[in-house]
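Here's a quick briefing to read alongside the model. Have the sequence and the 3D view open as you go.

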Amino acid sequence: MKTAVMLSLRGQQDYGDQEPEIISLITEGILEQAENGWIVSYKESDLTGLDGVTTTFYVSKDCVTLTRTGKLESKMVFRKGVPHESLYQMEFGALMISVCATAISWDIDEFGGVIDLCYDIAIEQTAMGVVTYHLDIAQKE
């Protein structure tokens with residue numbers, strides 16, 4: 001069963017000596033129970049710079065998978081301490097990215113919940129920094 005939810009997302013990207021890039025977004029999404037976990041999805045907007053993209057988090061026992069489809073195609077699999085490489089396919093080309101989760105936690109039930117994710121990211125084998133996501137999920141009233 002799919003449930004309409006409100007999502008509050010806060011993302012932060014720390015790139016060495018640069019000022020952290022912070023994004024905050026409140027949007028509508030969908031929460032759905034899966035066979036071994038939960039699926040949370042939402043449509044991106046101009047605010048995130050990813051208009052025309054659908055973002056989906058699939059959470060299971062010890063893994064979070066982040067998939068983006070539409071104008072941008074990517075799939076990142078997060079398991080604590082396990083690197084994952086994938087293509088980040090954009091309209092103008094593709095980049096090889098590598099992610100390695102340093103912290104993963106989630107607590108979701110049919111009423112909503114939370115996902116926390118922290119990972120190191122490298123693009124084309126060059127370390128870029130640390131990304132953190134905090135996603136609050138609340139049933140729409």
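Lys 75 lies in strand β6, where strands are DSSP runs of E with at least two residues, numbered from the N terminus. This is a predicted model, so to speak of local features pLDDT must be at least 70, side-chain atom pairs count only at pLDDT 80 or more, and totals for chains, interfaces and linings use all residues. Residues are numbered from 1 along each chain as its sequence is written, and side-chain values use heavy atoms, with hydrogens and water left out.

**Around Lys 75**
- Lys 75 counts as partly exposed because its relative accessibility is 48%; buried would be under 20% relative accessible area and exposed over 50%, with partly exposed in between (1.4 Å probe, protein chains only).
- Leaving aside residues up to four places away in sequence, Lys 75 touches Thr 65, Leu 66, Thr 67, His 84 and Ser 86; contact here means heavy atoms within 4.5 Å.
- Thr 56 is 19 residues from Lys 75 along the chain, and their C-alpha atoms are separated by 9.5 Å.

**The sheet**
- There are 10 strands in an open sheet, in the order β6-β5-β4-β3-β2-β1-β10-β9-β8-β7, with antiparallel pairing; two strands pair if DSSP finds at least two bridges between them.
- β6 (74-78) and β7 (83-90) stand at the edges with a single partner strand each, so one side of each has no neighbour in the sheet.
- From one strand to the next, the twist averages 30°, using axes fitted as lines to C-alpha atoms and angles that run from 0 to 180 degrees between N-to-C directions.

- β1 (residues 2-14) and β2 (residues 21-34) pair in the antiparallel sense over 12 bridges, and Leu 7 stands opposite Thr 27 in β2.
- These two strands form a hairpin with 6 residues between them, and Gly 16 in the turn has a positive phi of about 55°.
- β2 also pairs with β3 (residues 37-43) in the antiparallel sense, over 6 bridges, and the hairpin joining β2 to β3 runs through 2 residues.
- Across that pairing, Ala 34 stands opposite Gly 37, while Gln 33 stands opposite Trp 38.

**The core**
- The largest nonpolar core has 31 residues, and Val 40, Phe 78 and Ile 137 have the most contacts inside it; such a core is a set of buried Ala, Val, Leu, Ile, Met, Phe, Trp, Tyr and Cys residues joined through side-chain atoms within 4.5 Å.
- Not counting residues up to four places away in sequence, Phe 78 touches several residues, including Val 64, Leu 66, Val 99, Ile 104 and Tyr 119.

Key
Helix = DSSP H or I, 4+ residues; strand = E, 2+ residues; numbered from the N terminus.
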